[in-house]
Amino acid sequence: MGSRSGSNERLSDKPLFGRMRRLATLGLLALAAGCTVIPKQKPQGPPPAPVEAAPQANVLPTDADRHRVALLLPLSGANAAVGEAIANATTMALLDTNAKTLRITSYDTATGAGQAAAKAVQDGNQLILGPLLADEVQAVAAVARPAHVPMITYSNDVGVADRDVFVLGQVPGQSVARVVGYARAHGVTALGAIVPGGIYGQRVTAALASATRNSGVKLTSVETYDRSNTSVGSAMRRVLAKGHVDAVLIADGARIALQAASFASGARLIGTELWNGEAAVARSPAMKGAWFATVSDQRFGQFEKSYRNRFGTAPARIATIGYDSVLLTLNIARTWKPGTLFPTAKLYDPQGFIGLDGVFRFNEFGVAERAMEVREVTNGTFVTASPAPAKLAP
């Protein structure tokens, strides 16, 4: 398992990557440490000098001044590319802040999230960052909760939030509320939607009902589909057949959005955070004029450049969540005594926190509330139609 370490200076206290050039060399922490063995004394003569025993495999060194934090991600298997991107981003955060108060150790959830959590708890970690998938959270909590180890999951499913499970992912309901509010302010009074079957579609539907009610927009129809070409087209036709709409929300990523756009018959399209970073959406003439809400990209360009320089490839857009989770942990670590339980109550700070993706805070349910911007598709690119607020409303 890999380990990373660094200091508790917040990124927001200095330029984002200003300290990186000052780092001449910084290696990862060793996975094992030696232990000292004192042989028995002989009857005569002075005792022999202490002998340094060989390092023990898979045993973390004893930490007196560092917080142990576990990083639970898929580092092999189908989701390894995403997991590795998030893990790389956590390393960048440690290096950029020159952090020295954290020891972050990675555990692969691809072979079993519960098994990874058990090893993390056994190793003495007091906080878990991850896992990535909502269906892994329960298995991790079953091990972590009895040990009083909270987790900050990268999932965007509000259904997994609990007193010791904090959801850091971008929640679709917030994106929906932001874009619907913007659409209403710009002349949209009647809105239809197509959503996929499953949990994500259900969450979007509930958020859409609340957002349209609060903004005074008429919700004409919500139609579901099963992600096949025929089903997507049929769902869009049903929405348009049920009365006039000024816009149609497509609650899916680029592939489905492009399929649905060909059936839109001129209606304005709006989307969710799933369009963030999707160049195919920006390039499509059928998507021109579409709106969607997501976290700000103001700092992402600089992060992407630094990531490429370090790792030789472009990061997945979600990688910033790993970076921000480390900044959050460092913020809390300022008053967290090493070796003690993680001070969970400090996560509820109403002033919130700042990261690459902007301002966020955890609400009473443990779900991250984020400042979001609205973007518009125009001339093959995205432009910011409405900037994200600098701070969250009281």
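Predicted model: local features only at pLDDT ≥ 70, side-chain atom pairs only at ≥ 80, totals over all residues.
The largest pocket has a volume of about 980 Å³. Its lining is made up of 35 residues, and those lying nearest the centre are N156, Y200, E273, L274 and I318. Two helices, α5 (199-215) and α10 (320-333), each contribute at least two residues to this lining. The largest share comes from α5, which supplies four residues. By residue class, the lining of the largest pocket comprises 14 nonpolar, twelve polar and nine charged residues.

The second largest pocket holds about 240 Å³ of space. Here 17 residues form the lining, with S296, Q298, R299, A388 and P389 nearest the centre. Strands are represented in this lining: β15 (358-362) and β17 (372-378) each provide at least two residues. Sorted by class, the residues lining the second largest pocket are eight nonpolar, four polar and five charged.

The buried positions in α7 are A254, I256, A257, Q259, A260 and A261. These buried residues pack against both strands and helices. The strands in question are β9 (190-196), β10 (218-225), β11 (247-250) and β12 (268-271), while the helices are α6 (229-241) and α8 (279-283).

Key
Residues numbered from 1 in each chain as written. Heavy atoms only, no water. 1 Å grid on protein atoms, 1.4 Å probe; cavity = no way out; pocket = protein on both sides within 12 Å on 5 of 7 lines; lining within 4 Å. Points joined across faces, edges and corners; volume = space filled by probe spheres on them. Nonpolar A, V, L, I, M, F, W, Y, C, P; charged D, E, K, R; others polar. Buried < 20%, exposed > 50% of the residue type's maximum accessible area, 1.4 Å probe, protein only. Contact = heavy atoms within 4.5 Å.
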